[in-house]
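Please open the model in your viewer and keep the sequence panel at hand.

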Amino acid sequence: NRRSVFEQQAPYAVYAPNQDQISLTALSDLEIAVCRAPGKGTYEARLITPEQCQYESRGVGTNRRHVCNILFGNLPADSLLVCEVITPSGNWSSYPPHKHDTPAPPAETQLEETYYHRIDPPQGFVLQRVYTDDRSLDETMAVEDGDVVLVPEGYHPVGVPHGYQSYYLNVMAGPSRHWVFHNDPDHEWIIAADKSSLS
């Protein structure tokens, strides 16, 4: 019931276990995202309504972004974690750079991740960097409307140029369905600086 992902309105979603088959019939022009991960069949198929999604804003200053948790801590699932993020013009997201690629709970969990990007207006771009501590993976991409970025490991911040706003659909999954991340130590000081600027 929304015409744009930039409306800051939660979507409808359907959760289905891996053994189910799904068919969809569109009654109007429609864009559907299919978010998949291996499952155990623990939970039955169900509709997720906008009222069940949770909104939160994260960060301060030019690190502020708005998150809609579709299938995160708000609802149970076998392995999927799904949220939408809108980052205003000139701001950063997934920042300070953080990672979740090491199975070391309670300090960090291992989750692979994808970003499906939309840009408003659509001729724009955002910058996303994916890098590891040892720089064996170190890629910086100019990401355009409709692009997908895979994050198999490493830190993965997103920067939005002035004049544009960013949306991304975030999908994560791993051996444990817990999002526990580790900030890049070189940039973690920003969190304390942000807190002190608020006091």
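The model is predicted: local features require pLDDT of at least 70 and side-chain atom pairs pLDDT 80 or more, while totals for chains, interfaces and linings use all residues. Residues are numbered from 1 along each chain as its sequence is written, and side-chain values use heavy atoms, with hydrogens and water left out.

Begin with residues 54-58, strand β3, and residues 148-151, strand β13. They belong to an open sheet of six strands with antiparallel pairing, in the order β3-β4-β5-β15-β10-β13. Both stand at the edges with a single partner strand each, so one side of each is left without a neighbour in the sheet. Neighbouring strands here are turned by 20 degrees against each other on average, direction ignored (axes are lines fitted to C-alpha atoms, and angles run from 0 to 180 degrees between N-to-C directions). Strands are DSSP runs of E of at least two residues, and helices are runs of H or I of at least four, numbered from the N terminus; two strands pair if DSSP finds at least two bridges between them.

Next, select residues 112-120 (β10) and 165-173 (β15), which run antiparallel and are joined by nine bridges. Arg 118 has Tyr 167 in β15 as its bridge partner.

**The cavity**

Strand β4 (65-71) gives the largest share of the lining, three residues. By class, the lining has six nonpolar, three polar and two charged residues. On a 1 Å grid over the protein atoms alone, a cavity is a set of points where a 1.4 Å probe fits but cannot get out; a pocket is an open set with protein on both sides within 12 Å along at least five of seven lines, and lining residues have an atom within 4 Å of a point.

**The second largest pocket**

Now select Arg 58, Arg 65, Tyr 95, Pro 96 and Phe 181, the closest to the centre of this pocket among its 26 lining residues. The pocket holds about 330 Å³ of space. Helix α1 (189-198) is one of the elements that each supply at least two lining residues.

**The four-stranded sheet**

Finally, select Trp 92, which stands opposite Gly 159 in β14. This open sheet has the order β6-β14-β11-β12, with antiparallel pairing.

Terms used. Nonpolar A, V, L, I, M, F, W, Y, C, P; charged D, E, K, R; others polar. Points joined across faces, edges and corners; volume = space filled by probe spheres on them.
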